[in-house]
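Reader: Could you walk me through this one, question by question? I'd like the cut-offs along the way.

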Amino acid sequence: MSPQNSDNHVLQAQGLCKDFPRKGQAPTQALIDVSLAVQAGMITGLVGSDGAGKTTLLRLAAGLLLPTRGQIRVLNLDCAHQSIEIQSRVGYMPQQFGLYQDLTVQENLDLFADLQGVPKNIRPQRYARLLEMTDLAPFTGRRAGKLSGGMKQKLGLACALIKSPQMLLLDEPTVGVDPVSRRDLWDIVAQLVSEDGIGVLIATSYLDEADRCHRLVVLQNGKVLAQGNPEEFHEKVRGRVYRFTPNRPEEIRLLQATLAARNDVLDAAIRSGRVRCVINSVSASELLPKTDFKQIESCEPNFEDAFMALAPHPRVEFLPDQTNEKPQVAQDIVVKARNLKKTFGDFTAVSGINFDVQRGRIFGLLGPNGAGKTTTFRMLCGLTSVSDGEISVAGHNLRRSRARARADLGYMAQAFSLYRQLSVHSNLEFYGRSYGLHGKRLEQRIDWALDEFELRERRNLPAGDLPGGFKQRLAMATAMLHEPAILFLDEPTSGADPLARREFWLRINGFAQQGVTVIVTTHFMEEAEYCDHLMIMSHGTDLAQGTPDAIRQLARTPDTPDPTIEDAFIALAEGRTMNLSGKAS
Amino acid sequence: MYVLRRIMALIKKEFMVILRDPKSRFVVIGPPLIQFFFFGYAATFDVTNVRYALLDQDRTSLSRELAADFSGSENFQLVRYLNSIQEIDDAIDSQDVRIVIHIEENFTKKLLTDSAATVQVIADGRNSNVASVALGYAENIISKFNQDQLSGGGSDPSKIFLSIDDRAWFNSNLLSRWYIVAPLGGTISMVIVMILTSLSVAREREFGTFDQLLVAPFTPGEILLAKSLPGIIFGLIDSMLLVAGSVWWFGLPFKGSIIALVLIMTLFMISIVGIGLLVSSLSMTMQQALLGSFAFIMPAVVLSGFTTPIENMPQWLQTGTLANPLRYIVTALRWIFLEGAGIADVWPQMWPLMIIAALTLPPAAWLFRHRVG
Amino acid sequence: MTMNGSFLMRLRGLLRKEYLQIIRDPSSILLALVMPLIMLFLFGYGVSLNPTRIQVAIVTTESSPAVNDLVARFELSPYFAPLFVTSANEAQKLVSNGEVDGFINIRDGFTRDLVKTGQAPVQVIVNGIDANRARLIAGYARGAIEKWRELRRARGEQAAYAGVQIASRIRFNESNESRFFLVPGLIALIMTLIGTLLTALVIAREWERGTMEAILVTPLRLHELLLGKLIPYYILGMLGMLISVAGGLWIFNVPLRGSFSLLFLMSSLFLIASLGFGLAISAAVRAQFVAAQIAILAGFLPAFFLSGMLFDLESTPRVIQWVSHIIPARHFVAISHTLFLAGNITSVLWPAAAALTVMAAVLLLIVRRKLSKRLE
């Protein structure tokens, strides 16, 4: 992949290495011998899991870091020595764009226009174009802190674009953004590339976004694992991607778990009510007995398939206990909410929602940031008071009930929320004892957790020093230690990479099979497929409720015969659904 | 048994969180010791080595005798001689000297003719305290000179009309270091305990672990207990360490009862923990908690009588200091160290601390769950 | 020209941003404008080194004109609030209980001795626990007795020998008000708070919120970034200074004998040094928690204890005096005391100003070297 036409290149890296020194240890190698090129008029995607080196590469390109070895040039300028010049010609948007929360949209734009030296006379037309592109024109007087997550990211992008840059560096611009804004952001970038012919380097961990790039670079542990056009990636797995339709929609998770456990299946994920697999062997029909599924069809590969086949990932054995079928007490309602309301001053966070959760089911609360999911969730756990309406969890209102009523709950918070300075073992021990485990029983459960979540090797490490994926595992292990009957998970996969998310859902699946009731919030629309029952929230109200299948039906049109949950969400948010009475029970 | 085991786990965790983190471990031990030694030496109202200049316009043996009394005093340090009155102001203004002793012309003559001879003492008022104290020293030397002249100088003893015999009790050499150092340990420990406890809930809020605690089957009372203990224990360890330092390093007498000391110190720590936890459960972030404890510590120290006497304040402010827990421990420590107070003596300083604790701890526990974020 | 123009544009952008942030963030306003007032009141009213209405016991059983005259000196003095007892034992108890700070013992036969021998000892006993207060009380008592003696001498009731009289004059502070000493020193403390603590906090906050990264990738020069922080907080600090000066002059009637412009100039020097220190902290650590700890420990506390604003430095051990020289507040306190109470005395002002200039320059140089447009 040597650069062919260097005139057309906006970024070139040759043998780029970056080490970060660590106290008393060998330095962390964030980038190892990376060579790549980014062309003008193209979107180049930088894909990889957490800690792959994406952010480091972008920061090197922006002149915020110095390479340890090798060279990186942007617009034919050396990033190490000509950073000021690069910075006046490149737009850079860090992961959480540093907007000044106290400043309004207009004031933020003014600041970055001043810093970039945009002449006064061309500002009006520049602002007009950016505001139109980002749909922020009605909000110029609003403070950045009061914007929704999606609007913040769009404003960040507008600030990065203030001086018509010749190149754009974007670091995961769509994390935590609702699907509508996500689509808008990509449209803006695509428009810039086609109209202005600039070069874009965009880091992302959303694999479905990769197919909108012209070129892709896969990073893994600081090394380039592969690069090429999306088509080249698709070719690698062509003919090995299949869709299995389950006999009954309820059996889909069982089917997924069964497939995922097979050695010759590289990836199995639930997509639009079917299990999508990438397999190693050629004949897919021999994988499972014909009676285990209804239909099998080969399908067009996408980048996600290729990526999952490419990245070596640990196999999670989570075959549900076949003999002990799901206990059929599904009528037993464990969690109930009636006309639930929450107001903060004159702001209504949740306005009158109703739902039931049955024992042994996975109940998903979906919606973009700020939709009211977390508030609803905190009311359920008794962490926030209820303004109006009724709520009951296993027959209790947790806010008013005695402490003992909480003994049957497991809780995993949004951000990693264990004691960072305590070791893995100490954390487990503390939470075990908190729920009254002791003696032999405690030892047994800790042993179970260390084995089940593969934490044994790291049991003496402070929890704060664990790699990202292991933090997630530890958080889950502490939540499950006392074998709770109800498990509350708040955005458990936020910030996790695709591999970790796959693994996580397989586990959840397994627990639900054992009769644990799971209530989970997520803003990843595709994860809704793993739930039994969904509630989609937006601006504090429920847009729709029902099984994933029922939700998808809402968006079925002649144009999109096979919609995803994300399509359904966009349709719901834009009020385009055929049948709003489809708020299924 | 079940409840006890859970509480023990919670308490153990609280201690581990403080001791495992190098930063908070340092905060508990490092700054208190550094501050104790620095402030033990720096915080003093004693005035020593007062630099002075002498303007002797009399130049007789008698005036030289008086001058020798000054230069012989350990409180004074002669820097220069002046030659004219014009030089006096300049010597003071430039801060070359802090006082000027001016013996007028005809000093001896006036003295011998039984009219009043005057020695002028001019002090630099930029530091009002140094000025008063230095003037006091000068007055002492002069009245001693008078007495010497009258008794030993061959004058008629019947002319001695009055002698002032002033004595100071409890601290006969009038060292203010004792007065400052005795309550210093309590004050410094308060700062540490305040920072420690004010951060304890706020840090868990910021890192999200507090929700995890609230979801576990703990009652607010259990959390309160577990959150209070480290503050109380570390506060006691620090203060006892500094009490030991006061006795063995700064040479303070310890005349009172150790039991009274431990008892009131414990009560004091409980009341500080109450205030710290109240600040902490009101704060959503560590920054708010820090600013909050700063907002408490500043007035608490200024209005405690630690550096300046409460009696010098206007009456309304004196009433206000009754709500200040530091006021009670400062008084009690001085009584215990220097006056040999026992439990009964410090009782008036104990019950207000109990009231403060009773008024702060319950709302702090209530706020654990009811502070809206 | 264009180079210059874009420099001004970038700087203006930063300044406007900082201005908007300050006026919209209550905590900066609180720290910069309300805190000075609170401290001013706290120190103006709460901290006083002048005892008044001291509780003393007077032990006497006689009521001759001489004794009554002597007692009247104590009753009329603004310093004393005497109560009367008849035995020294009683008075001792009162001292031990802390009810009085001392007692004046006029022994039995005082009048008789005075008439017969002209010699009558008066005993003054003070509680020495608070040494400073004890010294002042003993001094006041001696003063009251002196006054009585002079009165008698003037009326011819006293023997002719006058002895050596002391005529004391406290220059710059005739009534020896401790406020005159405390308020000018307090300004150093207030400016340290704004210059060091607030500045360290706001920059750390930019790192924590990610705004620093967004600014660093613009073609901003480092000196512009520095100016963008220095100018707003300089103005804020000077506002805090003006509030304190105004409060000192008009609420607490502290005189300002030197020139205001010199005070302004030297405050600026001190503030720049404080800002330099705040910036240096924030260049070294990027977390608000740690920055606040360092600012309090290395900035605020030394400005309180080692600057001479409350405690006299010359009476401390040598080592501490040496250490105090590297604390900017120490030099500014000397300047402030002199300008407020003494006047434009160059021999005090210039060396201190020179020290501040050197410190400000060194600190800014350190900041300039430490600060980098890179994230490492």
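Author: Helices (H or I, at least four residues) and strands (E, at least two) are DSSP runs, numbered from the N terminus. This is a predicted model, where local features need pLDDT of at least 70, side-chain atom pairs count only at pLDDT 80 or more, and totals for chains, interfaces and linings use all residues. Residues are numbered from 1 along each chain as its sequence is written, chains are lettered from A and ligands numbered from 1 in the order in which they are written, and side-chain values use heavy atoms, with hydrogens and water left out.

Reader: How many residues of H7(B) are buried?
Author: Helix H7 of chain B covers residues 176-207, which makes 32 residues. The helix is mostly covered, and the buried count is 29 of 32.

Reader: What span should H7(B) have, and how far apart are its end C-alpha atoms?
Author: The expected span of a helix is 1.5 Å times one less than its number of residues. For the 32 residues of H7(B) that gives 46 Å, which agrees with the distance between its end C-alpha atoms, 46 Å.

Reader: Where does H7(B) bend?
Author: The bend at a residue is the angle between axes fitted to the seven residues ending there and the seven starting there. In H7(B) the angle is about 40°, and the place is Leu184(B).

Reader: Which residue follows H7(B)?
Author: Its phi is positive, near 85°. The residue after H7(B) is Gly208(B).

Reader: What is the strand order in the open sheet of four strands in chain A?
Author: Two strands pair if DSSP finds at least two bridges between them. Here the pairing is antiparallel, with nine bridges between E1(A) and E2(A), five between E1(A) and E4(A), and two between E4(A) and E5(A). The edge strands, each pairing on one side only, are E2 (25-39) and E5 (77-78) of chain A. The order is E2-E1-E4-E5.

Reader: Which residue is the bridge partner of Gln12(A) in E4(A)?
Author: E1(A) and E4(A) run antiparallel. Elsewhere in this sheet, Leu11(A) has Val38(A) as its partner in E2(A), and Val74(A) stands opposite Leu77(A) in E5(A). For Gln12(A) the partner is Arg73(A).

Reader: Which strands stand at the edges of the open sheet of six strands in chain A?
Author: The order is E19-E20-E21-E17-E22-E23, with mixed pairing. Each edge strand has a single partner strand, so one side of each is left without a neighbour in the sheet. They are E19 (409-412) and E23 (541-546) of chain A.

Reader: Which residue stands opposite Leu365(A) in E22(A)?
Author: E17(A) (residues 362-366) and E22(A) (residues 533-538) pair in the parallel sense over four bridges. Opposite Leu365(A) is Met535(A).

Reader: What angle does H14(A) make with E17(A)?
Author: Axes are lines fitted to C-alpha atoms, for helices over the stretch in contact (heavy atoms within 4.5 Å). Angles run from 0 to 180 degrees between N-to-C directions. H14 (residues 498-513) of chain A lies across E17, E19, E20 and E21 of chain A, and its angle to E17(A) is about 135°.

Reader: Why does E11(A) count as largely enclosed?
Author: E11(A) pairs antiparallel with E13(A) over four bridges, and with E14(A) over four bridges too. Tyr242(A) has Cys277(A) as its partner in E13(A), while Arg243(A) stands opposite Glu297(A) in E14(A). E11(A) is largely enclosed by the rest of the structure because its buried residues number four of five.

Reader: Is His539(A) buried or exposed?
Author: His539(A) is in the loop between E22 and E23 of chain A, with a positive phi of about 50° although it is not a glycine. Most residues other than glycine have a negative phi. At 69% relative accessibility, His539(A) counts as exposed.

Reader: How far apart are the C-alpha centres of the two domains of chain B?
Author: Domain bounds come from an automatic or database domain assignment. Chain B is divided into domain 1 (2-42 + 177-372) and domain 2 (50-174). Their centres lie apart by 48 Å.

Notes:
Buried means under 20% relative accessible area, exposed over 50%, partly exposed in between (1.4 Å probe, protein chains only).
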